[in-house]
Structure formats: C-alpha cells, structure tokens
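I opened the model to look up a few local points. My notes follow in the order in which I checked them.

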Amino acid sequence: MSEIIISGGKRLEGAVHVHGAKNSVLPILAATILSGSVSVIHNCPRLSDVDATVAILEHLGCRVSREGQTVTVDSSTLDRCDIPDHLMREMRSSVIFLGAVLARTGEARLCAPGGCELGPRPIDLHLAALRRLGADIREKGGDLRCRTKGLRGTEISLTIPSVGATENAMLAACGAKGETVIYNAAREPEIVDLQQFLNACGARVRGAGSSAVVVEGGIPLHMAEYTVMADRICAATYLSAAAIAGGEIEVEGVPRSQLVLITDLFSAAGCRIRAEERRIWLESDGRLRSVPPVRTAPYPGFPTDAQPPVMAALTKARGTTVFVETMFENRYRHTQELVRMGADIRVEGRVAVVCGAEKLHGANLEAADLRGGAALVVAALGAEGESRISGLHHIDRGYADLTERLAALGGAIYRN
Ligand code: EPZ
C-alpha cells in the first residue's frame with residue numbers, strides 16, 4: 001500500500017504555483033453536457049475526482065480527451081441519462097450531474113449519493129430546487145428517478161446556502177424556459193467560476209458571488225474554451241505547511257481576496273504575510289501563537305475545507321485555539337491522528353480545543369478523508385522524526401503532485 005514518508009523539521013523555501021480547483025472543475029465538467037457541443041477546459045488538475053467525473057461523462061456517451069491540464073469534452077454524442085451506482089459511490093458529489101442531465105435530456109436516474117467520511121450529506125435542497133423548476137423526482141430504495149416535460153424558470157429559495165444545490169439549480173435553470181432566481185445562493189468563488197463558464201457557452205447568468213443568482217434559461221449554448229480558477233484550499237494547505245515547518249514560501253495563482261481569512265489568521269499567529277493580487281508570501285519561524293476562535297461558515301466565512309490543515313499548523317502554537325466546525329458533523333477525524341503525534345486536542349461535538357504542544361513527533365498515520373489527510377502531511381512536516389501516512393486515495397482526490405510540490409519547497413517528503 002502506497003505511503004507518504006516525511007522526515008519533519010525541514011524549513012520550506014520557494015514558490016508553488018497552485019493547480020486548478022477541484023471544487024470548480026467538477027461542476028464545470030458536469031456543465032459541459034448542457035451545450036451538446038465541444039468544451040475545452042484548461043487548468044484541469046490530475047485528481048482522482050476529475051477521473052471519476054470524466055468516467056461519468058464517458059458513461060453518458062460524451063467523447064472526452066485529456067492533454068496535460070486540458071480536458072476536451074464533446075457532449076454532442078451524449079446518449080444516456082443514468083449514472084451507475086459504482087460511479088456514484090466513487091464520488092458522492094456526482095449528484096452535481098442531476099441538474100445538467102435533466103436539462104439536456106428531460107430525465108435522469110442515479111442512486112442517492114448517501115453520506116461520506118464527513119457525515120450524512122443530504123441532497124434535499126438539490127431535489128427541492130429541481131422540483132421547483134418542474135422536475136418530477138421519485139425516490140425509491142435509494143434510487144432517484146427524475147423526469148420533466150420541460151423545466152420552467154422560477155424562484156428558488158435555499159434554506160442553506162448549499163454550494164452543490166446552488167450549482168445544480170444553476171445548471172438545470174439553463175435548460176428551463178424563462179428566468180430563474182436562486183435566493184440564498186452559495187457565494188463561493190467556485191460558483192462565480194461556474195457562472196463564467198456558462199456565460200462562455202452563451203448562457204446568461206448573473207449574480208454569482210452574491211446571494212441571488214439569476215439565470216435566463218432556454219438559450220441555446222455553444223462551444224466554449226475556459227480556464228478553471230486556482231484551488232484556494234490547496235493554497236491554504238501550502239501556507240499551513242510553511243507556517244508549522246518554518247521558512248518562507250510564495251503561493252501563486254489564487255486571488256488574495258479568496259484567502260484573506262487564512263492570511264489574517266497566520267498573521268495573528270505570528271507569521272509575516274505579504275500579498276499582491278495573485279501572490280501570497282508567508283514567512284514563519286515555526287513557533288506560532290494561538291489565535292482567537294476559528295468558526296467555519298459558508299463563504300466569505302472561514303472555509304470548512306481549510307479547517308483541518310490550519311488546525312494542524314496550530315498544534316504547536318503557544319496557547320489555546322478553539323475551532324467550531326459548523327458545516328459538517330464529522331470533520332474532526334484527523335484529530336485522533338494528530339494526538340498520536342503529541343498534539344493536545346480535545347473534541348466535544350462541533351468544538352475542538354487545541355492546546356499548543358511543545359513539539360510533535362513522527363508517527364504512522366492514516367488519512368480518513370481528503371482534507372484530514374492533508375492535515376496529517378502538514379503536521380508531519382512540523383514534527384520531529386519520521387511519519388508514514390497511508391490512506392492516500394483520500395488525498396489523491398484533491399491534491400495533485402502534493403509530495404513533489406512540497407519536496408520542491410525543501411520538504412523531506414516522498415511517496416513509495
Ligand atoms: C461543497 O460540498 C464542496 N464539495 C465541499 O468540499 C465543501 O466542504 C462544501 O461545499 C462547503 O463549502 C464540492 O464542491 C465538490 P454544501 P457540498 O451543500 O456542495 C448541508 C472538499 O473537501 N446540505 O455547501 O456538498 C450539508 O449537509 C469538499 O473539497 C443539506 O442539508 O456542500 C452541509 O451541512 C468536502 N442539504 C451544508 O449544507 C442539501 O441538500 C453545506 O453543504 C445540501 C447540503
């Protein structure tokens with residue numbers, strides 16, 4: 001079984017260019033089926049979640065080719081509307097295909113994605129939005145059978161600003177006759193990226209980034225070429241690694257505005273931060289101080305996906321930092337592994353109290369989910385001695401070339 005082996009304590013120096021954002025490329029790839037034409041998507045990272053999405057596109061009958069960081073999708077040959085269980089199980093966020101398949105073909109069949117390592121991942125808001133648009137959705141024994149005689153524009157109010165439900169509604173609304181307004185929409189930068197891709201295809205979508213997204217539906221879409229935004233959570237992960245290991249790194253490609261809460265946190269923790277539009281420098285002596293409570297929230301709040309790596313970076317900080325995870329009920333699975341390295345973390349439900357440890361020591365560790373796995377890599381870089389991390393299939397979902405990039409920054413890290 002492949003492992004990442006890290007000898008901690010090495011300073012990190014140099015620049016890292018951040019690859020394309022997993023959470024943007026997945027909905028954009030799903031959106032390529034709307035046009036029934038060719039879409040050329042640049043800055044597409046080599047991730048297992050992207051592989052799973054491409055497998056779904058090919059199952060649906062699309063022709064997909066990949067050259068380096070570019071994926072080309074020809075959805076003119078789409079001839080199916082079902083997503084098989086094994087592909088759904090591989091990636092629960094495949095539910096994002098629901099709106100696009102329904103808009104393109106008038107029907108969609110898939111198995112309810114169920115939960116994941118983070119806990120139950122309901123899709124009630126997705127289904128409610130699609131029903132508002134005129135979808136007839138029958139849930140039977142975990143299967144979802146969706147049909148429509150024609151989607152019609154409407155007003156949708158999301159009770160939670162769900163990223164996935166916003167994206168599903170946007171994609172379905174593109175195929176609906178008339179205007180759709182999505183209220184209480186998620187405001188994540190990935191939603192803005194999706195809007196920009198859809199408009200590159202000839203759609204008329206506006207308001208992404210605000211809590212009201214407006215889609216003028218029923219417009220025929222055409223061929224598009226688009227470059228996906230950089231991954232802000234990967235950027236936060238590299239900054240966390242340098243913060244605990246010590247050193248000076250430059251993270252390129254992510255707009256500073258998307259990372260302001262992360263850079264503010266590390267500045268309060270004692271790091272020196274400089275930022276230009278798409279470049280962030282972080283300098284750290286490896287001895288951080290604790291920061292005021294970190295509470296995750298929908299964008300522009302503190303990103304839940306950054307909580308694990310940032311927590312790892314603060315395990316040796318002088319003082320105590322309190323984390324409150326409001327988005328997912330099971331997002332502290334990395335804490336037991338960090339405690340095995342000598343961290344002092346107490347979890348009570350959604351609250352984790354991190355008391356700074358004098359030092360961390362290397363250990364044999366197992367990743368339990370994507371961002372939790374990244375947290376173990378961050379902690380191991382700041383620990384004394386060797387760590388061996390297994391469960392790499394979790395990390396490969398969202399980080400391309402993680403070990404190569406950290407080794408290039410001077411980390412003693414490799415993958416066997
Ligand atoms: C997206 O998941 C991301 N995944 C997640 O990233 C990210 O953590 C999350 O947004 C929050 O930012 C992708 O984009 C592929 P939500 P999503 O719907 O869309 C509840 C990672 O590590 N909810 O915004 O599934 C839900 O339970 C992954 O890259 C409902 O109750 O998240 C959660 O508590 C992990 N009903 C909250 O809303 C619904 O129908 C936010 O979830 C949908 C969601």
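I looked up the contacts of serine 390 (heavy atoms within 4.5 Å), and apart from neighbours within four places in sequence they are Met1, Ser2, Glu3, Leu365, Glu366 and Ala367. The model is predicted, so I note that local features need pLDDT of at least 70 and side-chain atom pairs pLDDT 80 or more, while totals for chains, interfaces and linings use all residues. Residues are numbered from 1 along each chain as its sequence is written, and side-chain values use heavy atoms, without hydrogens and water.

Serine 390 lies in strand β23, residues 386-390 (strands are DSSP runs of E, at least two residues, and helices runs of H or I, at least four, numbered from the N terminus). I count serine 390 as buried because its relative accessibility is 7% (buried is under 20%, with a 1.4 Å probe and protein chains only).

Next I checked the ligand. I found 23 residues around the ligand, the closest being Asp124, Leu125, Ser162, Asp305 and Met327 (a heavy atom within 4 Å). An N or O atom in the side chain of aspartate 305 is 2.6 Å from a ligand oxygen. For valine 163, a backbone N or O atom lies 2.8 Å from an oxygen atom of the ligand. A polar side-chain atom of lysine 22 is 3.1 Å from a ligand oxygen. The protein covers 87% of the 830 Å² of accessible area that the ligand has on its own (Shrake-Rupley method, 1.4 Å probe). Helix α5 gives the largest share of the shell, 3 residues.

Methods
Buried < 20%, exposed > 50% of the residue type's maximum accessible area, 1.4 Å probe, protein only. Polar contact = N/O pair within 3.5 Å; in protein donor to acceptor, adjacent residues only side chain to side chain.
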